[in-house]
Amino acid sequence: SFWVAVERREGLARLRLTVDGQAAHEIEFPEPVWDAWPGMNAEWSASRYRFGYTSLVTPSSVFDYEPRARTRELLKQQEVLGGYDATRYATTRIYASAPDGTPIPISLVHRRDVAQDGGAPCFVEGYGAYGIPFPIAFSSARLSLLDRGVVVAIAHVRGGGDLGKPWHDAGRMRHKRNSFTDFVACADHLVAERWGDPKRIAASGGSAGGLLMGGVIGLRPELWRAVVLAVPFLDVLTTMLDTDLPLTVGEFEEWGDPRDPEDYAYIRSYSPYDNLKPGAYPAMLVVTSLNDSQVMYWEPAKYVARLRTLKTDDRPLLLVTNMGAGHGGASGRYDRLREVARDYGFVLWQLGALALNEPTEAGGAVTPV
């Protein structure tokens, strides 16, 4: 008696229901940015619809929705230890303008008592490849940043699937540089709108997001105080020329085929390893895995080795190799948390935000440490 369309609009998941052939309606969500997905709806004749929901401040939750009454019941929610209080945090959606005028969505989360005065450290994440949307999901580990006064932003750059297939197409093949300029535009916008201290902007990305990090370091090395590159795809040209590697041929449609002279020239113009040059660079933590079959360990190793001969600053350039892991990093429950702690510790060290801020009254400012 009802059916559900799972859609995406303005970078956000939508669940649109048509009940008894009447006009469709969407399930309404209470926050500016979120993620939602179908749950297990195994009974064809069910009168309720089960779905999952999360946001940057709401832990992963399971709801049953009554389509006719338009009411919902919370069945289960991820438990967050340590007295988590969602009302202490705020999330919002803002837009940056890319160099070509395209609005780029940014999902933002911060403690409510962090003032929008240009004094807060800022941590920007991104991916932008394969048509995969960046998840707008809750992370208990992220609280380690938020409770130290860090503003966390997700830049939904082109190349991902956040705004559909055209968004992917606008950031792949010979349009890949849009991903990099979009990310830089997002960071500039955060500074201009006083969400972040221009001297304390950190960035992070993994895999193809590591390529994004390499690209934006090359474009604007002075913009970033610190960058974390996890299993980063940094030697694009050499890798895409090696058709014996397991992923190369299938990914010609993402990056281009460098056997074509025009594709070669375009990839050469942005491949991070091939565009390193003497100069000052941000503090960098480069993480790889010996058994990675998707981004071979020698890519980040080559990048770091060459950069050490070229950089003119004294900021740390660290290479960490997990000798037993693959592309996803450590698989143990606690080992994975230790890796996140290491990455966040590096970022907080470089941003000068290691001290934990105690909760203050709503509206009060957190003094950057």
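K165 and D169 both belong to helix α2 (residues 165–169), where they stand 4 residues apart, about one turn of the helix; helices (H or I, at least four residues) and strands (E, at least two) are DSSP runs, numbered from the N terminus. K165 and D169 are joined by a salt bridge, with 3.2 Å between the closest N and O atoms, the term meaning that a side-chain nitrogen of Lys or Arg lies within 4 Å of a carboxyl oxygen of Asp or Glu. K165 is partly exposed at a relative accessible area of 49%, and D169 also counts as partly exposed, at 29%; here buried means under 20% relative accessible area, exposed over 50%, and partly exposed in between, with a 1.4 Å probe and protein chains only. Elsewhere, salt bridges that share partners link R9, E10, R14 and E26 into one network.

The model is a predicted one, in which local features need pLDDT of at least 70 and side-chain atom pairs count only at pLDDT 80 or more, while totals for chains, interfaces and linings use all residues. Residues are numbered from 1 along each chain as its sequence is written, and side-chain values use heavy atoms, with hydrogens and water left out.

Side chains of opposite charge can pair when their charged atoms come close, and the structure holds 26 salt bridges. One of them joins D64 to R50, whose closest N and O atoms are 2.8 Å apart. Because D64 lies in strand β6 (residues 61–66) and R50 in strand β5 (residues 49–54), this pair ties together parts that are 14 residues apart in sequence. D64 is buried, at 8% relative accessibility, whereas R50 is partly exposed, with a relative accessible area of 33%. In another salt bridge, D113 meets R111 at an N to O distance of 3.0 Å; D113 is buried at 4%, and R111 counts as buried at 2%.

Turning to the strands, an open sheet is formed by 3 of them in the order β1-β2-β3, with antiparallel pairing. β1 (2–9) and β3 (25–26) stand at the edges with a single partner strand each, so one side of each has no neighbour in the sheet. Strands of a sheet pair through backbone hydrogen bonds, either parallel or antiparallel, and two strands are taken as paired if DSSP finds at least two bridges between them. Between β1 and the antiparallel strand β2 (residues 12–19) there are 8 bridges, and W3 has T18 in β2 as its bridge partner.
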